[in-house]
Amino acid sequence: MAISKVGIVGGGLMGHGIAQISAQAGWDVVLREVDDEKLAKGIGMIEKQLGRAVEKGKMEQADADAVRGRINGTTDYGELADCDLVVEAMTEDLDQKLAMWAEVDAIVKPEAVFATNTSSLPVIDQAASTSRPDKFLGLHFFNPAQVMPLLEVVQTVTTSEEALALGNEFGGQLGKTVVAAKDKAGFIVNRLLVPYMLDAIRAYEEGFGSIDEIDVAMKGGAAHPMGPLTLADFVGLDTLNSIAQVMFAEYAERRFAAPPTLRKMVAAGWYGKKSGKGFYDYSGEKPVPTDLGL
Ligand code: 3HC
């Protein structure tokens with residue numbers, strides 16, 4: 001089945017980026033958020049990125065306008081009805097995702113394919129809750145979706161070859177490097193990256209270095225674009241904490257356990273860059289390491 005319209009459920013950190021690149025690839029996009037405020041925020045992020053692309057001379061104003069014009073924001077699931085592909089990019093909470101699919105499955109045309117951008121939940125748990133487990137797969141993007149080259153494409157035990165082919169073609173047309181990942185919690189990247197970020201927090205708790213020493217060390221010593229604590233702030237500490245909970249529940253291994261510092265920061269509402277405070281305070285001109293009293 002050829003794709004002409006893509007639905008994105010969730011316009012947050014990941015969803016807005018997936019909506020933007022889908023529209024840039026030429027598809028009509030329906031971006032669904034829970035309320036007008038969240039929708040305006042998601043659309044605002046897209047407009048900001050398109051504006052930057054024009055400023056930098058990477059895109060003509062007319063093309064940016066055309067991309068924006070292809071994105072239809074809504075709070076109504078009904079607008080997804082004639083989408084060929086619906087990608088879920090909600091909070092990492094299985095119950096919320098299942099409640100959403102129950103509604104969307106009843107509205108969207110039966111031949112459409114569904115995909116989850118889950119970071120850590122096995123895909124089959126969502127696929128099996130719908131009436132179309134053969135047309136359900138994982139499409140795992142990386143933040144920022146506009147820039148990161150990889151897309152993990154996840155086939156569950158029920159995903160048909162046709163749905164898998166559609167996922168691969170979607171990734172290819174987005175210009176992503178597509179890697180087939182097994183339906184194992186965390187897939188390939190988060191299986192390796194999440195324990196690394198959690199371990200950086202433990203190294204900090206154990207006094208191996210200060211926040212910026214750990215980040216400077218990994219940037220300079222391992223040529224990473226961001227140090228692990230900056231990356232944790234960038235991913236979102238609430239998201240990292242949720243992923244850790246899911247992966248620890250699945251594998252019962254210490255490497256996936258959320259360190260106490262992470263849990264306390266999330267309890268305090270310090271979600272990292274998006275909330276203005278995490279391992280760094282982002283309120284000034286430059287990020288400043290937070291005094292966590294350790
Ligand atoms: N949207 C669009 N473009 C963006 C962007 C965004 N949100 N953020 C950065 N860019 C673009 C910039 O416009 C710039 O483009 P240009 O080179 O054409 O001018 C380019 O990316 C580089 O940006 P900057 O010069 O501002 O900054 P950096 O060179 O520091 O790059 C970065 C920023 C690309 C975010 C880089 O720091 C990086 O790669 N960091 C690591 C990101 C990472 O590891 N992501 C994966 C997280 S894990 C995940 O997502 C999985 C999930 O399940 C948890």
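Colleague: How many aromatic pairs does a search of the whole structure find?

Modeller: Searching the whole structure, which is a predicted model, turns up seven aromatic pairs.

Colleague: How should I read one of these pairs, and which angle between the planes does the pair of F114 and F136 have?

Modeller: In general, a pair of aromatic rings is described by two values, the distance of the centres and the angle of the planes. For F114 and F136, the ring centres are 6.4 Å apart and the planes stand at 85° to each other, an arrangement that is edge-to-face, since planes over 60 degrees apart are given that name. F114 belongs to strand β5, residues 113-116, while F136 belongs to strand β6, residues 136-140, so the pair ties together parts that are 22 residues apart in sequence.

Colleague: Are these two residues buried or exposed?

Modeller: A residue counts as buried when its relative accessible area is under 20%, and as exposed when that area is over 50%. F114 is therefore buried, at 0% relative accessibility, and F136, with a relative accessible area of 0%, is buried because of the cut-off too. Ring pairs also bring in W101, which is linked with F114 and F136 into a cluster.

Colleague: Turning to the ligand, which residues come nearest to it?

Modeller: There are 19 residues around the ligand, and the nearest of these are K56, K58, H140, N143 and N190. For a polar contact, the idea is to look for a pair of N or O atoms within 3.5 Å. In this structure, a polar side-chain atom of K58 lies 2.5 Å from an oxygen atom of the ligand, and a polar side-chain atom of Q49 is 3.1 Å from a nitrogen atom of the ligand. In the case of N143, a backbone N or O atom lies 2.8 Å from a ligand nitrogen atom. As for cover, the ligand on its own has 1,000 Å² of accessible area, of which the protein covers 63%.

Colleague: Which elements give two or more residues to the shell around the ligand, and how is that shell made up by class?

Modeller: The elements that give two or more residues are α7, residues 189-205, and α9, residues 228-235, and the largest share, three residues, comes from α9. Sorted by class, the shell holds 11 nonpolar residues, six polar ones and two charged ones.

Colleague: Why can the ligand be said to lie between domain 1 and domain 2?

Modeller: Domain 1, covering 5-182, and domain 2, covering 190-289, both give residues to the shell, so the ligand lies between them.

Colleague: What should I look for in the backbone, and what kind of peptide bond joins N143 and P144?

Modeller: The bond that joins N143 and P144 is a cis peptide bond, with omega at about 0°, and P144 is placed in the loop between β6 and β7, the latter spanning 150-154. Phi can be checked at F187, where it is positive, about 55°, although F187 is not a glycine. F187 sits in the loop between β8, residues 177-181, and α7.

Colleague: Where is A223, and is A223 buried or exposed?

Modeller: A223 lies in the loop between α8, residues 211-222, and α9. Its phi is also a positive value, near 55°, in a residue other than glycine. With a relative accessibility of 66%, A223 counts as exposed, whereas F187, at 6% relative accessibility, counts as buried.

Colleague: How should I compare separation in sequence with separation in space, and how far apart in space are D84 and P110?

Modeller: The way to read such a case is to set the two separations side by side. D84 and P110 are 26 residues apart in sequence and 9.4 Å apart in space, C-alpha to C-alpha. D84 is found in the loop between β3, residues 71-74, and β4, residues 85-88, and at 5% relative accessibility it counts as buried.

Conventions. Residues numbered from 1 in each chain as written. Predicted model: local features only at pLDDT ≥ 70, side-chain atom pairs only at ≥ 80, totals over all residues. Heavy atoms only, no water. Near = heavy atom within 4 Å. Polar contact = N/O pair within 3.5 Å; in protein donor to acceptor, adjacent residues only side chain to side chain. Areas by Shrake-Rupley, 256 points an atom, 1.4 Å probe, with all protein chains shown as cover. Helix = DSSP H or I, 4+ residues; strand = E, 2+ residues; numbered from the N terminus. Nonpolar A, V, L, I, M, F, W, Y, C, P; charged D, E, K, R; others polar. Domains from an automatic or database assignment. Phe/Tyr/Trp six-rings, centres within 6.5 Å; stacked < 30°, edge-to-face > 60°. Buried < 20%, exposed > 50% of the residue type's maximum accessible area, 1.4 Å probe, protein only.
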